[in-house]
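This briefing concerns a single protein chain, whose sequence and model are displayed here. Please keep both in view while reading the points that follow.

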Amino acid sequence: MAGLILASNSPRRKEILKQAGIDFEVFSVEQEEYSEQLEPEEFVKELAFKKAENAAREIEEKKKWEKEDKMILGADTIVVQDGKILGKPINDRDAFSMINSLQGKTHQVFTGVAVLILKNGRKESICFAEKTLVKVYPMDTEEIENYILTKESFDKAGGYAIQGRFGQYIEGIIGDYYNVVGFPLSRFYREMKQTGLLDNLMISC
């Protein structure tokens, strides 16, 4: 089987895969995905699957792979606080509201991952969701406003980047750090190993 196709333009996911030595191509479809699922795990799994499926459909239509077998990877990350799903803020006010709801508390980060396997004209899929608990130190209004000025809030679920300047406000986490960044690398590795697909990732030395 040929290598991995990442159905995402996320620089965080690309960097994590590169750090792990996993070879991949990027093929992302600019399309909003929706889910009516209420449970966070099912919500992110469905969105991740739709991202992979949309990329697969586009690739098939454009005949990008010339009948080669492929694995297409989709992922989606959300932040959950008090049962409310927080996506990406749309403006400064939205970012302030999100971060203010997180400060001084513990929230959950869920990343859904879907691997669509296209082999011998058939489609198979692997889907899972990973959860990490994140505790944020109390922040005052000035600290929140100053953080928003960094512009890190945008294009980030929950309005923050744990790998950026927001790291100084993190009291601790329980679970996978990379899951908070945007991709649960160790869970992905274990899932690929368990299903016998690890060798197909062409991990570089």
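The model is a predicted one. The protein contains six helices and seven strands, and 49% of its 205 residues count as buried.

**Overall make-up**

- Read from the N terminus, the elements follow the order β-α-β-α-β-β-α-β-β-α-β-α-α.
- Among contacts with a separation of 6 or more, 69% are made by residues 24 or more positions apart.
- The accessible surface of the protein is about 10,900 Å². Carbon and sulfur atoms account for 45% of that surface.

- Strand β5 spans residues 106-119. Because 11 of its 14 residues are buried, strand β5 is largely enclosed by the rest of the structure; a residue counts as buried when its relative accessible area is under 20%.
- Strand β3, residues 70-81, pairs with β5 in the antiparallel sense, and 11 bridges join the two. Within this pairing, Val79 has Val109 of β5 as its bridge partner.
- Strand β6, residues 122-136, also pairs with β5 in the antiparallel sense, over 14 bridges. Here Ile126 of β6 stands opposite Val115.

**Aromatic side chains**

- The structure holds five aromatic pairs. One of them joins Tyr177 and Tyr178, whose ring centres are 5.6 Å apart.
- The planes of the Tyr177 and Tyr178 rings make an angle of 70°. This pair is classed as edge-to-face because the angle between the planes is over 60 degrees, the cut-off for that class.
- Both members of this pair are partly exposed: Tyr177 has a relative accessible area of 34%, and Tyr178 has a relative accessibility of 33%.
- Tyr147, Tyr160, Phe166 and Tyr169 form a cluster, linked by ring pairs.

- Pro11 lies in helix α1, which covers residues 11-19.
- With a relative accessibility of 44%, Pro11 counts as partly exposed, since that class lies between the 20% limit for buried and the 50% limit for exposed.
- Along the chain, Pro11 and Gly182 are 171 residues apart. In the model, a distance of 9.6 Å separates their C-alpha atoms.

Conventions:
Residues are numbered from 1 along each chain as its sequence is written. This is a predicted model: local features need pLDDT of at least 70, side-chain atom pairs count only at pLDDT 80 or more; totals for chains, interfaces and linings use all residues. Side-chain values use heavy atoms; hydrogens and water are left out. Rings of Phe, Tyr and Trp (its six-membered ring) pair if their centres lie within 6.5 Å; planes under 30 degrees apart count as stacked, over 60 as edge-to-face and the rest as tilted. Buried means under 20% relative accessible area, exposed over 50%, partly exposed in between (1.4 Å probe, protein chains only). Helices (H or I, at least four residues) and strands (E, at least two) are DSSP runs, numbered from the N terminus. Two strands pair if DSSP finds at least two bridges between them. Contact means heavy atoms within 4.5 Å. Accessible areas come from the Shrake-Rupley method with a 1.4 Å probe; for residues, only the protein chains shown count as cover.
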